[in-house]
Amino acid sequence: MVTLDNGKLRVKIAEKGAELQELFSIAEGINFMWSGDPAYWGKFSPILFPIVGTLRNNNFSHNGNTYSLSRHGFARDKVFTVEHTAATECSLLLSSDEDTLKVYPFLFHFRIRYRLEADTLLVQYEVENNGAETMFFSVGAHPAFAVPFLPGTAYTGYELFFGREVTAGRWPITEDGLIAESPVPLLEHNATLPLSHELFEKDALVFKQFPADSILIRAAKGGPGLEVTWKDFPFLGIWAAKNADFVCIEPWCGIADAWNAGGEIATKEGIEKLEPGNVFSRGWQVRIIPG
């Protein structure tokens with residue numbers, strides 16, 4: 001376990017999956033990360049790579065060959081190498097090997113960087129194509145934040161604030177974990193979305209080209225909050241397990257297959273393309289809002 005501490009925040013990151021497992025505000029005395037209770041969902045903040053979501057029939061095709069990948073890919077189950085660690089920053093690395101090549105035929109370095117700046121944690125994803133052909137991949141975040149933040153407050157007393165009024169339909173997820181044919185209305189000139197367990201009865205809220213780049217998780221009556229900010233992630237998921245006291249804010253570069261996807265990875269919706277020798281980089285951050 002890697003621990004970073006700058007006197008304001010303490011974070012802990014597991015080598016398995018390079019997974020963020022603690023986000024502790026020293027001033028507030030609160031760990032804002034979900035507990036990982038396996039009775040509901042035994043993860044904290046899995047990293048989604050080299051796909052986001054589910055493939056149709058759990059398969060994709062490339063150069064005439066078919067490969068099988070489970071939902072969200074393999075990075076969350078792999079042990080990363082700790083490349084560098086200091087008091088307030090670290091980097092962890094996953095590289096392609098014989099096992100990954102059996103299910104994903106691309107040579108890569110996948111690096112995760114964590115850094116503390118005052119009351120903010122910055123997370124950076126870097127994908128390097130080490131092969132001789134174009135690499136196709138997706139990458140996404142899946143952090144689960146514990147709600148409510150304070151004892152004596154209720155899940156239904158919290159809301160998501162988008163910074164401005166937004167209009168966006170959600171893309172339903174089919175029973176097979178695929179993206180349905182068309183969106184359904186959800187947000188119509190709304191600046192906030194009240195949290196409730198019923199909100200996630202039909203799985204995640206999935207958005208394409210969400211018209212905001214930050215979400216503030218806050219109690220409607222005040223108190224400490226969390227602001228999650230991202231840039232250049234074209235898809236967004238918001239999710240919680242059934243009756244669980246957390247909410248995931250998930251910026252994605254990629255999305256599950258459509259219900260009628262053809263299976264060819266090069267033409268998959270939302271797929272990222274990376275030429276040999278090039279590096280792809282995207283980041284998100286979470287800031288503690290004092291109570």
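**A guided tour of salt bridges and a sheet**

Begin by selecting Lys268, which counts as buried because its relative accessibility is 10%, under the 20% cut-off. The model in view is a predicted one.

Asp257 and Lys268 form a salt bridge, and their closest N and O atoms are 2.7 Å apart. Both residues lie in the loop between E20 and E21, eleven residues apart.

Now select Glu269 and Lys208, a salt bridge whose closest N and O atoms are 2.8 Å apart. Glu269 lies in the loop between strand E20 (246-253) and strand E21 (272-274), whereas Lys208 belongs to strand E16 (residues 205-208), so the pair ties together parts that are 61 residues apart in sequence. Glu269 is partly exposed at 33% relative accessible area, and Lys208 is partly exposed at 23%.

Proceed to Glu83 and Arg111, where the closest N and O atoms of the salt bridge are 2.5 Å apart. Glu83 is in strand E7 (residues 81-85) and Arg111 in strand E9 (residues 108-117), 28 residues apart. Glu83 is partly exposed, at 39%, while Arg111 is buried, at 15%. In total, the model contains nine salt bridges.

Finally, select the open sheet of four strands, ordered E1-E2-E3-E4 with antiparallel pairing. Its edge strands are E1 (2-5) and E4 (30-31), each of which pairs on one side only. Four bridges join E1 to the antiparallel strand E2 (residues 9-14). Which residue in E2 is the bridge partner of Leu4? The partner is Val11.

Conventions:
Residues are numbered from 1 along each chain as its sequence is written. This is a predicted model: local features need pLDDT of at least 70, side-chain atom pairs count only at pLDDT 80 or more; totals for chains, interfaces and linings use all residues. Side-chain values use heavy atoms; hydrogens and water are left out. Two strands pair if DSSP finds at least two bridges between them. Helices (H or I, at least four residues) and strands (E, at least two) are DSSP runs, numbered from the N terminus. A salt bridge is a side-chain nitrogen of Lys or Arg within 4 Å of a carboxyl oxygen of Asp or Glu. Buried means under 20% relative accessible area, exposed over 50%, partly exposed in between (1.4 Å probe, protein chains only).
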